[in-house]
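Here is a short report on charged side chains and their surroundings. The structure comes first, then the notes.

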Amino acid sequence: MGSITQKSALIICGDYMEDYEVIVPFFVLQSLGVRVDCASPGKRSGDKCFTAIHDFLGFELYTELQGHFFKLNANFEEVKFESYDTLIIPGGRFTELLSADEKVVSLVKKFAETGKPLITSCHSQIMLVAAGLLQGKKCTAFTSLKPLIELAGGIWWEQPGVESVLDITACLKDGNLVSSIGWPGHAAYLKVLLESMGAKISGSQKNSVLVLLADYVEDYEVNVPFRALQGLGVKVDAVCPSKRKGESCVTAIHDDEGAQICSEKRGHNFVVNANWSEISVDDYDCLVLPGGRSPELLVVNEKVVSLIKEFSSKDKIIAAIGQGKWLLAAAGALKGKKCASSHGMKAIVKVAGGEVVESDGCVKDGKLVTASGWPSLPAFLTELTNVLGLSVVF
């Protein structure tokens with residue numbers, strides 16, 4: 001999987017950009033061999049941006065929590081728009097600031113003139129407004145942007161029949177402008193993004209993947225594989241033993257803030273889309289076990305451990321990230337297997353009979369794919385899609 005001729009993407013970043021809306025395209029495109037440069041005016045390569053968690057927590061408007069720290073890898077002053085195949089602008093409040101920045105608006109205008117895909121989500125459509133790009137164009141966004149889009153001469157479009165997060169499945173493309181209501185629509189967003197960049201996706205129609213989680217699952221480790229595989233056309237079911245379809249698991253953000261161990265903050269809510277009582281191992285080709293603290297809850301559930309043992313005994317693909325390997329240990333699925341592991345999981349992997357591999361963030365041993373933690377998600381996605389037989393060629 002990967003590019004014959006390497007593609008490249010530019011992500012314009014800033015403080016309090018939406019966490020998922022930067023990390024999902026950043027990690028997924030890298031996993032497919034795309035070079036992704038992330039730059040922010042006023043910051044240098046190596047500097048960090050604060051990200052924001054936007055989710056509905058029972059109030060009339062979404063709540064904003066502080067997310068991960070996102071490290072930039074390019075200098076905005078050195079960016080040349082002609083060097084990229086696509087421009088991505090995540091949502092979040094930073095776009096209000098950048099919409100008044102003449103250099104950023106000029107860059108957006110120049111990029112639009114090339115005819116290459118320009119990707120917006122949630123609130124970043126304000127950049128299209130500022131650049132005067134919406135005249136006669138269909139556009140969707142978070143609903144508060146409707147009057148702005150119409151005032152700018154755009155044609156407002158809203159997906160009909162949306163009653164819950166699970167219903168948000170659309171992404172709109174009009175010419176080279178791509179717009180999405182926000183991160184819940186990332187499956188369609190990724191599909192349209194990849195197709196706009198000329199990607200040919202094959203081998204996805206026969207695949208079905210089960211993701212197993214509970215409260216305080218690691219935020220990136222559950223969402224990124226879930227959305228990435230959906231975007232590639234894979235049927236992905238996410239299930240929690242104590243929740244029904246449509247109910248939420250709270251996620252946990254684990255990030256390096258300079259302490260001896262990662263900090264933990266509340267992340268997005270993750271809505272499960274399948275019922276535990278209806279799960280049959282025979283319906284799936286692969287099991288994904290994200291980390292966080294949810295494995296500590298699941299590991300004492302005998303039915304969960306039995307399910308993992310059944311996946312293993314039937315020689316199906318199993319993929320685990322971070323502390324998801326705790327569940328593999330309980331199910332006896334690590335014996336004699338090479339396993340990517342962080343320091344915190346070394347003792348667990350060893351006592352379970354696995355061989356710790358510290359040099360690589362992701363390791364494949366037969367049909368077992370393991371990653372040390374969320375920073376290794378691009379490599380994890382590459383290995384997982386390869387073992388699933390997926391092909392993406394630009």
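## Salt-bridge network

Arg 44, Glu 77 and Glu 78 are linked in a network of salt bridges. A salt bridge here is a side-chain nitrogen of Lys or Arg within 4 Å of a carboxyl oxygen of Asp or Glu. Side chains of opposite charge can pair when their charged atoms come close. The whole structure holds 16 salt bridges.

This is a predicted model: local features need pLDDT of at least 70, side-chain atom pairs count only at pLDDT 80 or more, and totals for chains, interfaces and linings use all residues. Residues are numbered from 1 along each chain as its sequence is written, and side-chain values use heavy atoms, with hydrogens and water left out.

## Individual pairs

Glu 64 and Arg 93 form a salt bridge, with the closest N and O atoms 2.6 Å apart. This pair links distant parts of the chain, 29 residues apart. Glu 64 sits in strand S5 (residues 63-71), and Arg 93 in the loop between strand S6 (86-89) and helix H2 (94-98). Helices (H or I, at least four residues) and strands (E, at least two) are DSSP runs, numbered from the N terminus. Glu 64 is partly exposed at 28% relative accessible area. Arg 93 is partly exposed at 42%. The classes are: buried under 20% relative accessible area, exposed over 50%, partly exposed in between (1.4 Å probe, protein chains only).

Lys 235 and Asp 237 meet in a salt bridge at 2.7 Å, N to O. Lys 235 is partly exposed at 45%, whereas Asp 237 is buried at 11%. Lys 314 and Glu 310 also meet in a salt bridge, at 2.9 Å. Lys 314 is partly exposed at 37%, and Glu 310 is partly exposed at 30%.

## A buried lysine without a partner

Lys 325 lies in helix H10 (residues 325-330). Lys 325 is buried, yet has no salt bridge. Which side chain of opposite charge is nearest to Lys 325? That is Glu 221, 7.6 Å away. For charge, Lys and Arg count as positive and Asp and Glu as negative; His and the chain ends are not counted.

The Lys 325 side chain reaches the backbone oxygen of Gly 322 at 2.9 Å. Beyond neighbours within four places in sequence, Lys 325 is in contact (heavy atoms within 4.5 Å) with residues including Leu 334, Cys 339, Met 345, Val 349 and Thr 370.

## An exposed loop residue

Gln 205 is in the loop between strand S12 (200-202) and strand S13 (208-212). Gln 205 is exposed, at 73% relative accessible area. Gln 205 and Leu 390 are 185 residues apart in sequence, but 9.3 Å apart in space, C-alpha to C-alpha.

How values were computed
Polar contact = N/O pair within 3.5 Å; in protein donor to acceptor, adjacent residues only side chain to side chain.
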